[in-house]
Amino acid sequence: MDTGSHLLFGATLAGLACADPSVAGHTELFYAVLTASLIGAHAPDFDTVTRLHSYSAYIRHHRGWTHTLPAILLWPLLIALPMAALFGVWDYWPIIAIWSCASVMIHIVLDTFNAYGIQVLRPWTRKWVHLDVLCLFDPFLFIIHAAALSSWLWLPRTDAVMWFVSVYVLTALYIGWRTLVHEYVRSMLRLAYADAVHVQLIPGIRWSRWQFLVEQEDCFVTGWIINNRFIREEDTYVKSPTQPEAVSRAMTTDGVRAFLSFAERVNVQCQQWQEGYRVICSDVRFWHNHRLPFRVEVELDVEYNVIDTKMGWNKKGWEPPYV
């Protein structure tokens, strides 16, 4: 999910921690848990520092090792011990570690329900796991957690606990409901495209509206699901049966290899002009307005020498798809 939502969940988790009397009645411990929860809520995304090196490094490592099952155990130790020392509550460091662990786990679980996904099963496999149920920013989850957090403005910590308990129960029920809707719409799409090799939904901000991708033997089909039942095709991308020499050369570049380590459904285009060639590899899952904005472009001269490589999103941050 987006950074704001992750941090909001970290704050409300600290409110939930007040169900433990030792946290609610101990000011220093409460602030240690709150700080640890906020850090834990964002800690898995510390891997974005790889962007400083290169975008290809970012693609390879973002939502990788920092989002794995081993990381769920490692992050709490890296967070809890410094927080216990900072707030002078050494005797309570296991409590801080428990809530840090919960905060990291919630971050990883929420990212799993997104369409971008995470490599949660490393080191056993580098497979990307994405359940395609929740939008990157979910207004409903944001609103109910913000409402629970606002209870601290007029209620003591101990009296506000039931607000936080209720909002986490509601969060679990909401995600369960969205999962059921996703499976219903996906099964409907499979019936409509019985010969499909692969079917995927991309959740939008609106509950009843989904983007979809259908892979067939010779093409990719994109479109919308309206009101959870009406199918509207948008574009068809034909698969090329052959690869020109320029494409073969482009596939050897570091940028394309990094891109292919993440992209699951790839459309390849080769454009030729007087100065050389441009090879564009696009992830068909993430389409918008008849375009494929997540891609890598490789420019080559007439002798197939690589001149330049560009990679990333060719869209505004507020435009769909929200992944």
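Reply: Accessible areas come from the Shrake-Rupley method with a 1.4 Å probe, and for residues only the protein chains shown count as cover. On that basis the accessible surface of the protein comes to about 15,100 Å², with 62% of it belonging to carbon and sulfur atoms. This is a predicted model, in which local features need pLDDT of at least 70 and side-chain atom pairs count only at pLDDT 80 or more, while totals for chains, interfaces and linings use all residues. Residues are numbered from 1 along each chain as its sequence is written, and side-chain values use heavy atoms, with hydrogens and water left out.

The C-alpha trace spans about 75 × 45 × 35 Å along its principal axes. The protein has 10 helices and 8 strands, taken as DSSP runs numbered from the N terminus (helices: H or I, at least four residues; strands: E, at least two). Of its 323 residues, 51% count as buried, that is, under 20% relative accessible area with a 1.4 Å probe and protein chains only, where exposed is over 50% and partly exposed lies in between.

The part examined here is an open sheet of 4 strands in the order β5-β6-β7-β8, with antiparallel pairing; two strands pair if DSSP finds at least two bridges between them. Because β5 (266-273) and β8 (306-313) stand at the edges with a single partner strand each, one side of each has no neighbour in the sheet. From one strand to the next the twist averages 15°, where axes are lines fitted to C-alpha atoms (for helices, over the stretch in contact) and angles between N-to-C directions run from 0 to 180 degrees.

Taken in order, β5 is joined to β6 (residues 276-283) by 8 bridges, and valine 266 has aspartate 283 of β6 as its bridge partner. Next, β6 pairs with β7 (residues 294-301) over 7 bridges in the antiparallel sense, and glycine 276 stands opposite aspartate 301 in β7. Finally, 7 bridges join β7 to β8, again antiparallel; here glutamate 299 faces aspartate 308 of β8.

β7 and β8 form a hairpin with 4 residues between them, and tyrosine 304 in the turn has a positive phi of about 70°. The C-alpha atom of tyrosine 304 is separated by 52 Å from that of tyrosine 174, 130 residues apart along the chain. Tyrosine 174 lies in helix α8 (residues 157-192) and counts as buried because its relative accessibility is 5%. Its contacts (heavy atoms within 4.5 Å) include Leu134, Phe140 and Trp207, residues up to four places away in sequence not being counted.
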